[in-house]
Amino acid sequence: MPSLPRLIVQSALCAAALFLGVIPPGTASGADDPVFETDILPVLKARCADCHNTAAAKGGLDLSSMAGLRNGGESGEPAVVESLDESLLWIMIEGGDMPPEGQTPLSLPEKEMIRRWISTGAKSASAESSIIVTQHDVLPYLYTRCVVCHGARRKEAELDLRTVESILKGGKSGPVVVPGDPEKSLILKRIHAQEMPPPKELIRAGVRPMESSEINLLTKWIEQGAVKHEIVPDTQTDSPDSLVSDEDRKFWSFQQPVKPNVPASKLSPIDYFVQRKLNEQNLTSSPPAERLTLIRRVAYDLTGLPPRWEDVERFLNDKSDNWHAKVVDHYLDSAHYGERWGRYWLDVAGYADSEGKRSADPIRNHAWRYRDYVIRSLNDDKPYNQFLLEQLAGDELYDFENADAVTDEMMDALVATGFLRMVPDGTGSDIVDTVSERFEVVADEIEVLGSSVMGLTLRCAQCHSHKYDPIPQRDYYRLVSVFQGAYDVYDWLKPTSVAGQSKQKNPTRRYLTHVSNNVETQWQDDRKPMERQIATAQKELTEKEAKFRSQFVDEKLKDVPAELHEDIQAMLKTSKKERTASQRELATKFESSLTASAADLVKTYPEFKKLKASSDKSIKDLQAKLPAQPMIRALWDRGEPSPTWIFRRGEYTNPGDLVGPGVPSVLTDGKTPFVTEHLRPGSTGRRLAFAKWLTDSKHPLTARVIVNRVWFHHFGRGIVESLGNFGKTGVAPTHPELLDWLAVSFVENGWSFKWLHRQIMLSETWQQSSTLRPESEERDADNRWLSRMPLRRLEAEPLRDSLLATSGQLDATTFGAPDGVTVRDDGLVTANRNEDGWRRTVYVQQRRKELPSILETFDLPQMSPNCVERPNSMVASQALHLLNNGMVRGLTMQFAQRIEAKAGSDRYKQVEHIYQDALSRMPTPEESQLALEALSQLTAEWENRLADAEVKPTKGKESPSPEMQALANFCHVIMNSAEFLFID
Amino acid sequence: MSPRDRRSFMGSVANGLQGAALASLFSQDFYGRHAVAADKPHQSVRRAFDLTPKQTHFKPRAKAVIQLFMQGGPSQVDLFDPKPELDRNHGKSILKDIAKDLSSPDAAGGLMRSPFKFAQHGQAGTYVSELLPHLAKHVDDIAVIRSMFNTHQNHEPALFKIQSGKLMPGLPSLGSWVTYGLGSENQNLPAYVVLDSLEGRLPTNSGQNWQSGYLPPLYQGTRMRSQGTPILNLKPETDEPSTVEQLSRDLLGRLDRMHKAKRPGELQLDARIASYELAARMQLSASDALDITQETPQTLEAYGIGEKQTDAYGRQCLLARRLVERGVRFVQLFTSGQQWDNHSNIGTSLPSICGKTDLPIAGLLADLKQRGLIDDVLVVWGGEFGRLPIAQMRQGNDMKNAGRDHGPPGFSVWFAGAGIKGGTVYGNTDEIGWNAAENRVSVNDWHATILHALGLHNEELFFEHHGFKEKLTGVENVRIVDEIFA
């Protein structure tokens with residue numbers, strides 16, 4: 001796509017010429033040909049100018065002047081070109097796309113006039129327009145092609161190409177631009193000679209040579225005198241926005257939520273709103289669920305683990321009226337709560353322990369600190385506004401660089417910015433580290449932000465103004481500008497390098513070492529004893545080496561006359577500088593044959609070889625185990641953002657208008673300027689201002705989007721079903737008043753998640769039974785009116801964690817570096833076991849290319865860039881995994897052993913314990929009977945096999961008794977049962 | 001079928017009225033998603049997805065696809081696209097004109113003639129290089145497109161593009177779209193099967209080549225292996241008597257039916273029971289499909305099975321036939337690693353991979369023809385891009401070590417089978433084979449053409465996602481390459 005300059009067309013209307021009937025030069029033929037000003041402009045004014053005028057240029061298009069037509073809209077294509085068939089104006093009119101549906105179409109004569117006008121050369125009464133090239137037609141290309149070496153970080157040849165002033169100043173070889181004289185301008189000479197950008201540096205620097213159209217623009221700008229035109233970035237001012245109207249702002253989700261009235265009644269507000277809708281639909285709610293069901297439901301909802309049987313019994317025996325509230329509080333206080341609900345947040349954040357995009361999928365070290373931050377924040381019930389503020393602008397909250405000591409709060413805030421470092425990123429490989437790929441990363445971050453926090457599909461506006469929602473392309477790039485202090489496509493910090501694909505020397509550039517004193521001390525404490533061990537081992541080796549060396553010298557000296565021995569020894573002990581002349585002479589003669597490197601010693605003495613090998617290995621092992629320096633994978637503002645230009649069609653090679661930071665106009669009154677906030681010196685304060693705006697208690701979307709998400713996780717569907725899209729193409733809320741009541745009350749109650757959980761879980765709505773009643777099935781099949789609780793399949797993590805917990809194999813260690821995975825030859829991926837079992841799934845490495853098979857099978861998505869809503873599938877591979885997988889089978893044996901330890905060999909008791917541990921209830925008599933029969937049959941089969949002489953027990957390993965085998969089989973069946981997998 | 005009919009129907013099945021045809025209804029993925037129609041923006045529909053055969057948009061030419069994917073980038077000017085200009089200008093440097101298009105200009109040599117000889121074959125006289133003597137015998141059954149182009153010079157993005165339409169990861173692959181659009185003729189086997197090489201290394205981007213993206217996981221490719229366990233977890237990984245397995249299954253069935261009886265009307269539970277039944281059937285079907293001992297020695301020989309060089313790919317090709325024969329919709333074959341990525345020593349590395357694949361592919365075409373399957377199966381050959389016509393000198397200046405760098409701007413692919421006009425050569429590159437010049441075919445065109453052969457219209461095959469109608473061909477204008485069809 002050839003890039004077109006953003007033209008300033010001089011359009012001084014040649015009124016005198018028109019009046020005198022003088023035809024301007026270049027428009028010689030056809031006196032009857034239509035002319036823009038007299039024949040076309042009136043039509044455009046009548047039919048198009050409502051939307052496409054100077055003040056309100058929809059799609060960036062202004063049809064009220066010839067200049068506007070030539071400039072075209074945000075795609076950068078002029079509306080009128082030489083060929084009729086390629087003129088956008090004609091294409092849109094002829095195809096019936098414009099004016100849009102509902103507006104008066106052009107009449108036939110009007111169409112004919114436009115056709116004729118374009119066909120006869122689109123004449124205009126104005127003088128031949130001359131195109132002025134401004135510095136902003138040229139600077140984007142200098143940023144793309146040159147400033148990596150001639151800019152903020154590096155000034156090769158003392159040259160800085162970022163501003164008109166610095167360009168004119170030039171560098172070591174003098175001025176690079178001679179205004180008015182392109183031929184004498186060094187910059188063009190070097191470009192034409194293909195010396196710049198230097199071909200050999202292209203890949204490393206992530207740049208490509210200039211295109212000829214770009215060179216033409218640069219030439220033209222110099223030709224015109226390399227003038228600096230006064231152009232300020234497009235930002236919101238206090239005069240009303242021309243692109244977004246108050247009408248646009250009227251859509252429900254763009255309006256501030258207002259708390260609806262709830263009449264006094266014994267119903268909770270939630271129940272009141274739900275009941276009202278049920279009544280309207282002539283539906284009733286389901287009866288309350290049984291206490292056992294509720295206990296299991298609460299435990300899974302809040303912790304993702306089965307309740308312990310002791311707790312179940314205690315809750316069952318609680319005679320108080322508020323027993324249910326106590327159960328809810330018990331699990332809200334559990335440390336497992338943060339692991340469960342943190343995981344939901346990690347989904348929308350797109351958490352991953354690897355960079356993705358490239359096949360190598362390099363590991364992101366230290367990313368896990370962000371995971372821990374999320375879990376801790378939820379356990380602490382950190383207010384959501386604070387939680388967001390830290391994740392979006394934690395680096396701008398404190399002056400961490402100059403602080404005397406980094407506090408835990410400061411470190412937390414830096415770790416929190418990991419939220420903005422989660423998307424797939426291939427730029428660790430030099431070859432895909434150009435502005436284009438970097439911009440993909442920025443665009444993905446904006447998409448994550450939009451879908452997870454703002455409930456908007458922002459991505460559309462990357463290439464053109466949003467087709468459905470009032471989000472102009474300009475607003476998208478204002479957001480880009482908000483992030484540009486930290487995410488600068490022209491001044492990029494690399495992620496983890498892809499091995500062998502980067503010549504970058506410092507691969508840790510996205511890390512900060514500003515860890516808190518506590519973390520630092522802990523690290524030193526962990527490290528010191530190991531360092532001492534290493535030092536001791538090294539010392540021992542050195543001593544032994546010295547022994548062998550002196551033996552070596554002794555042996556070699558045997559060939560030297562004995563009278564010299566003493567002098568030679570003395571010479572060897574003297575450093576080269578201090579040697580006397582005679583010693584120097586001795587050295588020339590003997591030193592080389594008497595000196596032995598470690599390699600020589602290894603060659604000469606087999607004992608030393610062996611000793612050194614073993615010592616080297618143990619040192620290496622120790623070094624590998626040394627805890628790495630604690631670092632923070634963070635995003636921070638670097639204070640010198642490059643300018644932000646709109647990328648027409650989303651292409652960086654096609655830059656458009658210069659914009660400044662701002663927020664989507666439709667979510668504001670359209671006349672409030674964006675004011676940056678500075679808490680940290682040297683930071684632009686753009687993200688902080690953005691985060692403050694987003695977490696304002698009056699924000700129309702922030703609270704609505706999150707309460708809807710929490711609701712979704714409790715009920716299996718959102719009040720707004722499209723969780724990440726509250727725009728016009730999203731699904732309207734089923735209970736708009738309930739949504740607003742929740743949103744406003746959530747903010748009033750300190751943005752507290754735990755408050756919200758209590759409200760929801762203590763409602764009668766949430767405590768309904770999940771049994772499907774005919775009326776509910778027939779008239780509320782998808783449960784949008786909440787006439788029951790849905791039956792829900794466990795997600796991947798609670799399923800795996802339940803298998804582990806039930807079989808007593810759950811390692812309770814929390815936090816820290818993730819557990820690795822092992823990939824089998826056939827592709828099966830399994831998390832590695834620790835000494836005490838396996839840790840909860842949230843602590844397993846989330847590498848994009850190696851997700852544990854059981855999780856992938858049960859719908860754990862690959863994050864690209866994040867996951868707004870997980871699918872919920874029911875496929876044969878899930879059955880196959882639970883039935884046949886070796887690890888699952890191993891767990892069933894461990895479950896059986898655990899049961900035997902508790903219940904002894906009494907089959908009846910065993911069955912009771914299995915039901916208690918796995919299903920949180922006692923078996924019915926029928927179930928017990930069935931179990932006992934099955935167990936005896938299974939035992940008989942295993943006994944038969946043992947009796948079968950053909951089958952020999954595996955050598956060296958005592959196989960479990962037939963009774964144990966049978967018990968494990970029974971445990972296996974229970975762990976495969978629908979009741980284990982589904983929560984009522 | 002209304003929900004109520006469906007329920008009573010399920011009930012009767014659960015009571016023992018089973019059969020393959022009925023059971024096909026159960027391989028369902030109850031996958032709750034909102035769907036938004038443009039004219040009814042606020043309506044919500046919860047959809048269930050399954051693999052039952054679907055209505056095509058129009059009469060299809062092909063019912064199944066075998067995609068012979070040649071990961072790495074096969075060199076068009078050494079295989080299908082002879083360029084006399086390269087012979088004439090061998091060694092001439094054109095670096096000044098092309099430097100900006102190269103990923104590693106340092107290693108760029110001059111124009112390089114093909115080290116291999118071309119000859120015309122068949123009645124149509126299609127040019128094929130000497131590296132593909134077996135395929136050359138089938139040129140009258142294949143249509144070569146010489147004017148494909150891709151838009152990125154690195155494997156990963158170019159692969160994302162050719163597998164799923166855009167340069168980015170996370171989108172549904174072609175095979176997923178096809179199975180989403182058509183379902184499957186066999187409910188006991190996965191609808192979309194991936195056969196990766198027995199030689200061991202997965203292609204670049206590994207599983208992302210066959211992912212289902214935002215489509216339900218039901219449509220994801222399933223890796224099958226012809227040795228060991230064909231599908232992950234297909235067989236119990238601990239040893240137990242078959243009677244124990246049977247007893248456990250029976251007990252599980254009873255417990256699940258008791259559980260379901262207390263929860264009438266829950267389709268999820270029916271679906272789950274069905275998924276367990278399917279798993280059991282799959283154990284038998286998959287093993288049977290992969291059991292090539294059922295084939296005659298002649299067949300094995302025709303695929304090159306038993307010969308060291310061709311054994312691995314021969315097995316993949318034979319399995320592909322056995323799978324489409326059983327109604328599998330989309331079979332995708334990968335060669336090990338990036339053997340088509342001939343950056344150096346193209347004089348030996350290209351003959352090596354051609355030698356491994358040429359005979360098996362010819363064997364496959366002959367076998368499909370002989371069994372009449374060729375009329376229903378579309379065979380698609382090609383990589384993510386081609387190679388540049390200049391030399392790449394990664395190892396010093398000795399032309400003996402020369403290879404070719406990635407060439408996205410122009411490359412060759414071919415089609416055979418259902419509805420294809422054999423002997424066609426469509427499109428052309430420029431005189432040195434750098435750019436697709438005449439009748440250019442984009443990746444999106446190529447996708448639309450494959451869908452077209454299957455009776456699917458690329459604009460009508462969409463999935464509602466986050467309020468948008470997502471399509472394999474995205475918002476690009478595409479052209480179906482009608483010229484290759486009979």
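Between which two strands of chain B does the loop with B:Gly403 lie? Select B:Gly403: its loop runs between β13 (390-392) and β14 (406-407) of chain B. Helices (H or I, at least four residues) and strands (E, at least two) are DSSP runs, numbered from the N terminus.

Before going on, note that this is a predicted model, in which local features need pLDDT of at least 70, side-chain atom pairs count only at pLDDT 80 or more, and totals for chains, interfaces and linings use all residues. Residues are numbered from 1 along each chain as its sequence is written, while chains are lettered from A and ligands numbered from 1 in the order in which they are written.

**Around B:Gly403**

B:Gly403 counts as buried because it has 24 C-beta neighbours inside 10 Å. (A residue is buried if 20 or more other C-beta atoms lie within 10 Å of its own, exposed if 12 or fewer, and partly exposed in between; C-beta atoms are placed from the backbone.) Show B:Leu350 as well: it is 53 residues away along the chain, and the two C-alpha atoms are 9.3 Å apart. Leaving out residues up to four places away in sequence, B:Gly403 touches B:Asn342, B:His343, B:Ser344, B:Asn345, B:Ile346, B:Gln392 and B:Arg394. Contact here means C-beta atoms, placed from the backbone, within 7 Å.

Move to B:Asn345, one of those residues. It sits in the loop between β10 (330-334) and α12 (346-370) of chain B. B:Asn345 is not a glycine, yet has a positive phi of about 50 degrees. With 15 C-beta neighbours inside 10 Å, B:Asn345 counts as partly exposed.

**Chain B as a whole**

The chain averages 86, and 89% of its residues score at least 70. Residues 1-46 of chain B stay under 50, and the model has 77 contacts for them beyond four places in sequence. Chain B has 13 helices and 21 strands, and 56% of its 486 residues count as buried.

**The interface**

Next, select the contact between the chains: 71 residues come from chain A and 70 from chain B. On the chain A side, the elements giving two or more residues include α34 (886-903), α36 (925-947) and α37 (962-976). That side has 26 nonpolar, 27 polar and 18 charged residues. (Ala, Val, Leu, Ile, Met, Phe, Trp, Tyr, Cys and Pro count as nonpolar, Asp, Glu, Lys and Arg as charged, and the others, Gly among them, as polar.) The model scores ipTM 0.83 and pTM 0.84.

**Helices in chain A**

Select α17 (residues 384-393) and α26 (residues 686-694) of chain A, whose axes come within 9 Å and cross at roughly 160 degrees. Axes are lines fitted to C-alpha atoms, for helices over the stretch in contact, and angles run from 0 to 180 degrees between N-to-C directions. α17(A) and α26(A) are therefore roughly antiparallel. (Angles under 35 degrees count as roughly parallel, over 145 as roughly antiparallel, 65 to 115 as roughly perpendicular and the rest as oblique.) Residues in the contact include A:Leu388 and A:Leu392 of α17(A), and A:Phe690 and A:Leu694 of α26(A).

Then take α18 (residues 408-416) of chain A, where seven of the nine residues are buried. Its buried residues pack against several elements of chain A, among them α17 and α21 (517-557).

**Last stops**

In the loop between α8 (186-192) and α9 of chain A, find A:Pro197. The peptide bond from A:Met196 to A:Pro197 is cis, with omega near -10 degrees.

Conventions
Contact = placed C-beta atoms within 7 Å. pLDDT = per-residue confidence, 0-100.
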